[in-house]
Amino acid sequence: METYYYSQFNHAVVHVALFDDVTNAAAIRSRIVQAARNLGVDGNTEREAVNFAFIDARLISSSLHLQTAIYQALLSEAQGQLRTKTVHSEILWTMNPTNNITEAIRRYGVSDESTTLVVVRVDVSDTPDLQRRMCDIVQGCMVPFQALGQMTDWSIIKKHYKLYSESALKEVQGNLDRERSIIDNIVVSSVAMKNVMT
Amino acid sequence: MPGRRCDSPLKNPSRAYIALGLEGSANKLGAGVIKHDVDGSTEVLSNVRHTYITPPGEGFLPRDTARHHREWALTVIKDAVVKANITMHDLDCICYTKGPGMGAPLQSVALVARTLSLLYEKPLVGVNHCVGHIEMGRQVTGARNPVVLYVSGGNTQVIAYSRQCYRIFGETLDIAVGNCLDRFARVINLSNDPSPGYSIEQEAKKGKRLVPLPYTTKGMDVSLSGILTSIEAYTSDRRYRAQGEPCEESEDIIRPADLCFSLQETVFSMLVEITERAMAHIGSKEVLIVGGVGCNERLQEMMGIMAQERGGLVFATDERFCIDNGIMIAQAGLLSYRMGFQTPLAKSTCTQRFRTDEVHVAWRP
Amino acid sequence: MLSSLSSKPPTQQLLQSADLVSQGAEAAIYKAYLRQFPTSGHGVDDAAFEASEPVLLKHRFHKHYRHPSLDASLTRQRIAGEARALMRCMRSGVTVPGIRMVDVNEGVLGIEWIDGKSVRQLLPGGAELDEINELEEVDEIHENGAADPIGDYGVSGGRTVHMLIGLYSSSVDALMNMIGVEIAKMHLADIIHGDLTTSNMMLRKQTSDLVLIDFGLAYHSTLVEDKAVDLYVLERAFASTHPDSEPLFSEVLNAYEKRMGKRWLPIKKRLDDVRLRGRKRSMVG
C-alpha cells in the first residue's frame, strides 16, 4: 500500500493499494451495488465498508496516471464541483475520456471479470487499520506498485483514447517502450485536462 | 563594456526657432505655431482646429473633407498666426502632414503648405502624422522613453523607440480602433459632435451588462473587424432595445449603453494587454497614450491600473493634443528641421501609406 | 495561522508553498510538488522517485484592469487553449511537456517539469558565458574535460578536448536539426506556436530530447502565412540573441524542409515575402 499526503487539500491522506489474483470481483461489485441501494443504518455501515474506489488495474497506464486522476478528483471535491456522488466515483469519471458517468464506472470500475484491482481511499486523516479493511473486502494478493506495469492492457487503453492513427505512435512503431511512454503521457495529460478538453 | 550615456544629438538652438504646423489627414483641420527657445524650452504659441462634423449615422468622405479643409484653411491659419502674435515672416519653416491619412484631405493641406512656402520663401518640412503625435505627447507629458500606444481613427499601434526609429511592436491586423468605435456609433446613431468616440464613451458610462464579444489579440497585434461585426449583430438581437430606457436589473434586455460598455471594455482590454506585452518585452515602465482615442478616460484608467501594477506610470494628454492638431506637426517638423532636414518643393508630396518606422528619428540619441 | 491558511482554495495554498521561478507580464511560473510522500514507513518502495518529480505551475493571475467576468473567461479560455495545443502536439509526436494539473478557477496550468537547459543558454551569445573572455573559457574547458555544453547533453559524442571547434559545431548542427524537425512536426499538425524563440525550446537532460515549451500564444491554423510568420519570428529571435547565427538558422530550415516534404515550397515562398515586408503587412494610414 502507498500513501500520499496533500497539505493543500486540508491535509488529505490518500491510500492506494494494488491487488493481483483477485477472485471475488463479482462479489465486490454486488456489495457496492447493494450498499448504494440500502438506505438504512445498515446501509451506512455497509457503505463505509466499501467506501473505496475500486479500479480495474488493466486500464491504468502508470502510477502517475492514477495520481493525476486522484488529484483532479480532490480538486473538484474541494471546489464543490464533483460531477459524481463521491470523490471515489469522481476518480473513475476523471479517468474516462468521455463525460458519461455510467460508461466511466462500467469501464474503469470493478467488473465481474476483474482479476487485478487498484483500491483507493481518500481520507481526512490517517486510518490505521485501512490495509486490513482493504484486505477484508478484496480476496487477492496485495502487491507492490511496480507490478502495475505487467497488468496494464495497452490495447484497451488505446481503444478508449482512440490512439490508432496518431502520428506520435506511427513514428515509434516497433519500439514498445517508447510507444507506451507516449501513450502514458497522452493518457495522463488527458486526465489532467479533462475539465477543459471540450 | 560600461554603458556610456549617449548625448542628445539635438543641441539647444543658438536663437529661438518658430514653426507653423498644418494638419489635415482626416476630418480635423489644424494649424499651430511652436517656438523652441535657446534654453531648450518649448512653447506652444497657438493651436487652432476646425472639425468637419457630419450628421449622426454618416461618416466623412474624402472629397467632402478635402472641400472643408480648403474652405477653412485660410481662416484657421490666420487665426493661428494672430493668436501666436507673430507674422508669417517670423517663421523658420512650414511643416505639413505628409501622411498617413486620407488622400484628398492630405493633398488639399499640402497644397496650402506649398503655396505659403513659395509666397513667404520658407522651407517645407513633411511630417509623419504618427511621429507628430508621439513627439507632442512626449513634449506635453515629459515622458522620457515610453512605450507608445497610438490609437486613432486610422491607426492602432504599439510603438517603442530604438536606435533612431520608432519601431512598431504591435498593431491592428485590420481596422483601427477609432474606426471600430466610430462605425459602431454610426450604427446606433450617436452624435458625431464633438466626435463619435466621445459619444460612445458617455453612453458606455450608463452601461452595466457585459455581452460576450470575440477577444482577438495575437501576440502583440490585435484584430478588430470581427468584434465590430459581432457588436453590430447585437443590434438585431431580439433582446436589443434601441430606445434603451432604464430597466429592472433582472430584465433580460440589451441596451445601446450596454453595447458601448461591452465594446469599450473588450477592445480596451486588448489594447492594454498588447501594450503591457511590449512593455515587458523591452523592460519599460512608462506608457504614453496618443491619438484621438487616447482621450478616452476609461482607456486611460485601465492603462493606469496596468502601469501601476508594473510599478510604472501612464502618460496621457487631453483633447487639445490627443485629437489631431497642427501643433504636433509643428513640433515634430521643427525637431527634424533643427537636425537639418527639409522637404524640397519637388518632393513635397503626400502619401496615404507612411509607416511610423520609416522615419529617421535623427533628434533622439 | 494554520486554520486561516487551510481555508484558502487548494491551488492557492499550492502556489504559496511553491518556488517562484519567473514572473512575466501575464503569468508567474512556479516549481511545485503536487503531493507529499511519507518520509518513512509502509509501502514507500518507489516513493522516493515519485516524490522527487516536480511540476511546473503556470499561474495566469488576475488582471485588474479587465472587467472581472471578462478576465475570468479569458483566463479559462487561455488555459484551455494552451492545454489543447499541448495535447494536439503530443498526439502528433511533437515533444512537449505533459500536462499534470489544470485548475481553471484559479488560472493554473500544471505541466511536466523539464530538467535541462534552454537552447538559448546552450548557444553562444545566449548565456552569461559570453561575458567570460575566451582565455578563461578555454581554461575552464581543460579543467572540466568537457568542451561542449551541448555534448554534455548527449546530442553528440564527446571526443577529445583538442577537437574543440569541430566537435562543437557538429553537436550544434545536431541540435539545429532537432529544432527543425520538431517545428515541422508541429506545423504538420497545423499548430502555430506564436512565440518561437530559443528560450522556448529546451534540451532535456536525461534523454536529450528537444522539447518545445510555452504554448501560451499557440493557435490552430492551416495557413501558409501563419507558418511562415512562425518561422520568421524564430529567425529574428536567432539573429537578435545569437551573433552570426545565419548558418545555424539555415540548418534549422534544412531539417524543417526535409520533414515538410512537398509542403515546404509554398511556405518557403511566403517566408521570402515575409522577410521582405517584415512581420507586418503594409497598412493604409
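Me: What percentage of the 365 residues in chain B do buried residues make up?

Reply: First, the conventions. This is a predicted model, in which local features need pLDDT of at least 70 and side-chain atom pairs count only at pLDDT 80 or more, while totals for chains, interfaces and linings use all residues. Residues are numbered from 1 along each chain as its sequence is written, and chains are lettered from A and ligands numbered from 1 in the order in which they are written. A residue is buried if 20 or more other C-beta atoms lie within 10 Å of its own, exposed if 12 or fewer, and partly exposed in between, with C-beta atoms placed from the backbone. In chain B, buried residues come to 52% of the 365 residues.

Me: How many helices and strands does the secondary structure of chain B come to?

Reply: Helices (H or I, at least four residues) and strands (E, at least two) are DSSP runs, numbered from the N terminus. Chain B has 10 helices and 12 strands. Its radius of gyration is 21 Å, close to the 21 Å that the globule rule gives for 365 residues, so chain B is as compact as a globular protein of that length. That radius is taken over C-alpha atoms, and the rule is 2.2 Å times the number of residues to the power 0.38. Along the principal axes, the C-alpha atoms of chain B fill a box of roughly 70 × 60 × 30 Å.

Me: What share of the contacts in chain B with a separation of 6 or more comes from residues 24 or more positions apart?

Reply: Two residues are in contact if their C-beta atoms, placed from the backbone, lie within 7 Å. For chain B the share is 76%.

Me: Into which domains is chain B divided?

Reply: Domain bounds come from an automatic or database domain assignment. For chain B this gives domain 1 (17-135 + 322-358) and domain 2 (144-320). Their centres, taken over C-alpha atoms, are separated by 27 Å. The contact between them takes 20 residues from domain 1 of chain B and 27 residues from domain 2 of chain B. On the domain 1 side, the largest share, 4 residues, comes from helix α3 (residues 129-141) of chain B. By class, that side has 9 nonpolar, 8 polar and 3 charged residues. Here Ala, Val, Leu, Ile, Met, Phe, Trp, Tyr, Cys and Pro count as nonpolar, Asp, Glu, Lys and Arg as charged, and the others, Gly among them, as polar.

Me: Which residues of chain B does the UniProt annotation "binding site" cover?

Reply: UniProt positions are given in the numbering used here, feature names are shortened, and annotations may be inferred rather than shown by experiment. The unreviewed UniProt entry puts "binding site" on B:His129, B:His133, B:Tyr150 and B:Asp324. They span 196 residues in sequence, yet no two of their C-alpha atoms are more than 11.8 Å apart, so they gather at one spot.

Me: Is B:His133 buried or exposed?

Reply: B:His133 counts as buried, because it has 34 C-beta neighbours inside 10 Å. This residue is found in helix α3 of chain B. Leaving aside neighbours within four places in sequence, B:His133 is in contact with B:Tyr150, B:Val290, B:Gly291 and B:Met328.

Me: Where is B:Tyr150 found?

Reply: B:Tyr150 is in strand β6 (residues 147-151) of chain B. B:Tyr150 is buried, with 27 other C-beta atoms within 10 Å. With neighbours within four places in sequence left aside, the contacts of B:Tyr150 include B:His133, B:Val290 and B:Gly291.

Me: How many residues does helix α10 of chain A have?

Reply: The expected span of a helix is 1.5 Å times one less than its number of residues. Helix α10 (residues 176-192) of chain A has 17 residues and reaches 24 Å from its first C-alpha to its last, close to the 24 Å expected. Among its buried residues are A:Ile182, A:Ile183 and A:Asn185. The buried residues of α10(A) pack against α3 (63-78), α4 (87-95), α8 (154-160) and α9 (167-171) of chain A together with α4 and β4 of chain C.

Me: How many residues does the contact take from chain C and from chain A?

Reply: The contact takes 32 residues from chain C and 33 residues from chain A. The largest share of the chain C side, 7 residues, comes from α4(C). That side divides into 16 nonpolar, 9 polar and 7 charged residues.
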